[in-house]
Amino acid sequence: MLKTDFVNLEHEFDNIIKNNNIKTLFQPIVSLETGEIFGYEALSRGPENSFFYRPDNLFDYAKKKDRLWDLDLLCRIKAIESFFPIIKDKFLFINIDPEVINDSKFKKGFTMEYIEKQNINSENIIIEITEHSGVNDYSTFNQILDHYRDQGFRIAIDDSGAGYSGLRLMTEVRPSFIKIDMALVRDVDKDMIKKELLKSICMFAKIANIIVIAEGIETYDEMKTLINIGIQYGQGYYFQKPSIKFEHLNQNIKND
């Protein structure tokens, strides 16, 4: 990448933060038993037709520039502002990168302060930990999570089952929810190994009193297999793609 490109990216990123130029999409999390919407995951996007539209580009750049807290804070506020004036009776899942605690500007308690001003109950917000880079200091990490728990937030672990680090995170953190990585969900109806692995995760979750959510469901057969395995909730294109609108689910899903 040319030097001028780096300069342009820095200028564009600064403008995103300065002008609150983040769009929040929402994807429903559905009860596989009843077909009812349990909650929504908030998914942040940068400006369309931009390098920063993709969340991985957006957050990777923020980490390199020590701007993760600025971006994370903006995404949280946009998600809350876009959700609660419209949806009152569902849960909001907000993604947080574990590395945000290492940002020089990280401020404990900000989310609670903000939602109290907006008269929002913390029990309606699930803090979803995205575990892509690994956690090196579980003691410090759990202190941060305990801070959220003490304020009434519940914890979800994303991409569970994707590797040793994800499994360790489940046992160290003891979350309220685990979200099964879509790689394990894809074609699970045709793969006996995936089925048995998911059965084991469900057994562990039941013992630990953890709710399981399967991500990336795209077909009817995947959904039915997950139901037979015992997974309670699901998310994916089969139900609805991420959208800025809160639309009703297809009635056929509820009747399956």
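This is a predicted model: local features need pLDDT of at least 70, side-chain atom pairs count only at pLDDT 80 or more; totals for chains, interfaces and linings use all residues.
Where is the place of T24?

**View 1. T24 sits in strand β1.** The strand covers residues 23–31, and T24 is part of it. With a relative accessibility of 6%, T24 falls under the 20% cut-off and so counts as buried. Setting aside neighbours within four places in sequence, its contacts are A42, L43, K78, A79, S82 and I244.

**View 2. F51 and F52 make an edge-to-face pair.** The whole structure holds 19 aromatic pairs. In this one, the ring centres are 5.2 Å apart and the planes stand at 75 degrees, so we call it edge-to-face. F51 is partly exposed at 38% relative accessible area, whereas F52 is buried at 0%.

**View 3. F93 and F177 bring distant parts of the chain together.** Here the centres are 5.4 Å apart with the planes at 70 degrees, so this pair is edge-to-face too. F93 is buried, at 0% relative accessibility, and F177 is buried with a value of 0%.

**View 4. Five aromatic residues gather in one cluster.** The members are F26, Y40, F83, F84 and F246.

**View 5. R154 lies over the face of F91.** The distance from R154 to the centre of the F91 ring is 4.9 Å.

Overview. Of its 256 residues, 50% are buried. The chain exposes about 13,200 Å², and carbon and sulfur atoms supply 48% of that area.

Notes
Residues are numbered from 1 along each chain as its sequence is written. Side-chain values use heavy atoms; hydrogens and water are left out. Buried means under 20% relative accessible area, exposed over 50%, partly exposed in between (1.4 Å probe, protein chains only). Accessible areas come from the Shrake-Rupley method with a 1.4 Å probe; for residues, only the protein chains shown count as cover. Helices (H or I, at least four residues) and strands (E, at least two) are DSSP runs, numbered from the N terminus. Contact means heavy atoms within 4.5 Å. Rings of Phe, Tyr and Trp (its six-membered ring) pair if their centres lie within 6.5 Å; planes under 30 degrees apart count as stacked, over 60 as edge-to-face and the rest as tilted. A charge sits over a ring if NZ of Lys or CZ of Arg is within 6 Å of the ring centre and within 35 degrees of the ring normal.
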